[in-house]
Amino acid sequence: MTVVTTSRKVRDEDRRLAAAIARRLNVSVVERDKRSLARLLADSGARDAVVVSGGSAWWQDRDGDEFFFHPGTAAIRLKQLTRGEPDGLVAAAGFRKGQRILDCTLGLASDAIVAAHMVGDSGEVIGLESQPVVAALVELGLETARFQSPRLMRAMRSVQVVCADYREFLPRCRTGEFDVILFDPMFRKTVQRSQSMQSLRVIANPDPLDEASVREAMRVAACRVVLKERKGSPEFERLGFCIVKEASTYALGVIDVSRRKGE
């Protein structure tokens with residue numbers, strides 16, 4: 001069971017935000033009453049909590065694992081792109097101004113933020129996140145977190161978060177509704193990554209990508225379907241993706257839907 005609470009020094013704004021998050025997650029708000037989080041979890045019987053403080057929120061469980069929003073590598077990647085430096089995902093996906101992008105595994109939204117920067121104000125980026133807590137905290141971060149870079153802020157604010165499983169969302173989409181579809185499932189073989197990504201692993205959906213969803217993505221995408229997986233993963237061959245980029249810990253595979261539809 002998940003509950004929502006606040007820090008020990010609570011403000012009225014935090015109470016309102018806690019209530020809003022609780023309504024979204026359909027869970028209860030538990031008053032902190034100066035208790036430690038461990039004591040609150042024990043008293044309430046909850047296994048984890050969303051903690052609201054200072055207008056932001058994070059998730060923590062009984063083991064001390066935490067999850068919070070941070071744009072991760074998106075900030076440095078946007079800087080590199082503005083300097084004309086290449087980005088592997090941008091090259092693989094072929095992002096262009098005005099495109100509609102569907103990120104089926106939003107996570108911390110780093111790739112969605114980069115995509116939003118590339119498609120601009122005339123484009124659209126929708127990120128699907130099947131885990132309600134992750135969706136709620138990432139959406140809050142995208143809407144309210146502040147950074148020095150106006151470029152990063154614009155891209156963050158334009159990403160639309162939808163709490164949904166792509167296995168249910170894709171069949172409801174029209175053929176060719178999006179230009180590019182992205183998949184970045186959690187690696188089943190652990191790779192040393194950032195602390196935020198390790199924290200995401202604890203709470204994220206661990207299910208592997210399935211062939212039926214890839215077929216649906218090929219129907220819904222007008223241009224490309226892109227898969228990010230660990231380097232050397234057999235998933236690329238199993239699911240029919242052509243590897244176009246290999247880095248030290250990951251690889252990118254592409255299905256060029258536009259070429260297939262043109263045959």
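This is a predicted model: local features need pLDDT of at least 70, side-chain atom pairs count only at pLDDT 80 or more; totals for chains, interfaces and linings use all residues.

Student: Is E177 buried or exposed?

Tutor: Buried means under 20% relative accessible area. E177 has a relative accessibility of 18%, so it counts as buried. A polar atom of its side chain lies 2.7 Å from the backbone nitrogen of R174. Beyond neighbours within four places in sequence, E177 contacts R100 and V220.

Student: How should I read the sheet, and in what order do the strands form it?

Tutor: Strands of a sheet pair through backbone hydrogen bonds, either parallel or antiparallel. Here 7 strands make an open sheet with mixed pairing, in the order 7-6-5-8-9-11-10. Strand 7 (159-162) and strand 10 (242-246) are at the edges; each has a single partner strand, so one side of each lacks a neighbour in the sheet. On average, neighbouring strands of this sheet are turned by 20° against each other, direction ignored.

Student: How many bridges join strand 6 to strand 7?

Tutor: Strand 6 (residues 124-128) and strand 7 run parallel and are joined by 4 bridges. In one of these pairings, G127 has V161 in strand 7 as its bridge partner.

Student: Which strands does helix 5 lie across?

Tutor: Helix 5 (residues 110-119) lies across strand 5 (100-103), strand 6, strand 7 and strand 9 (221-230), and runs at about 165° to strand 6. Helix 7 (residues 150-158) also packs on the sheet, where it touches strand 6 and strand 7, with its direction at about 35° to that of strand 7.

Student: At what angle do the axes of helix 5 and helix 7 cross?

Tutor: The two axes cross at roughly 105° and come within 8 Å. Angles of 65 to 115 degrees count as roughly perpendicular, so helix 5 is roughly perpendicular to helix 7. I113, A116 and H117 of helix 5 meet R151, L152, A155, M156 and S158 of helix 7. By class, this contact has 5 nonpolar, 2 polar and 1 charged residues.

Student: Finally, which residues does F147 touch?

Tutor: F147, in the loop between helix 6 (132-144) and helix 7, touches H70, P71, L152, M153 and M156, leaving out residues up to four places away in sequence. F147 is partly exposed, at 32% relative accessible area.

Note on methods. Residues are numbered from 1 along each chain as its sequence is written. Side-chain values use heavy atoms; hydrogens and water are left out. Two strands pair if DSSP finds at least two bridges between them. Helices (H or I, at least four residues) and strands (E, at least two) are DSSP runs, numbered from the N terminus. Axes are lines fitted to C-alpha atoms, for helices over the stretch in contact, and angles run from 0 to 180 degrees between N-to-C directions. Contact means heavy atoms within 4.5 Å. Angles under 35 degrees count as roughly parallel, over 145 as roughly antiparallel, 65 to 115 as roughly perpendicular and the rest as oblique. Ala, Val, Leu, Ile, Met, Phe, Trp, Tyr, Cys and Pro count as nonpolar, Asp, Glu, Lys and Arg as charged, and the others, Gly among them, as polar. Buried means under 20% relative accessible area, exposed over 50%, partly exposed in between (1.4 Å probe, protein chains only). A polar contact is a pair of N or O atoms within 3.5 Å; within protein, one must be able to donate a hydrogen and the other to accept it, and residues adjacent in sequence count only if both atoms are side-chain atoms.
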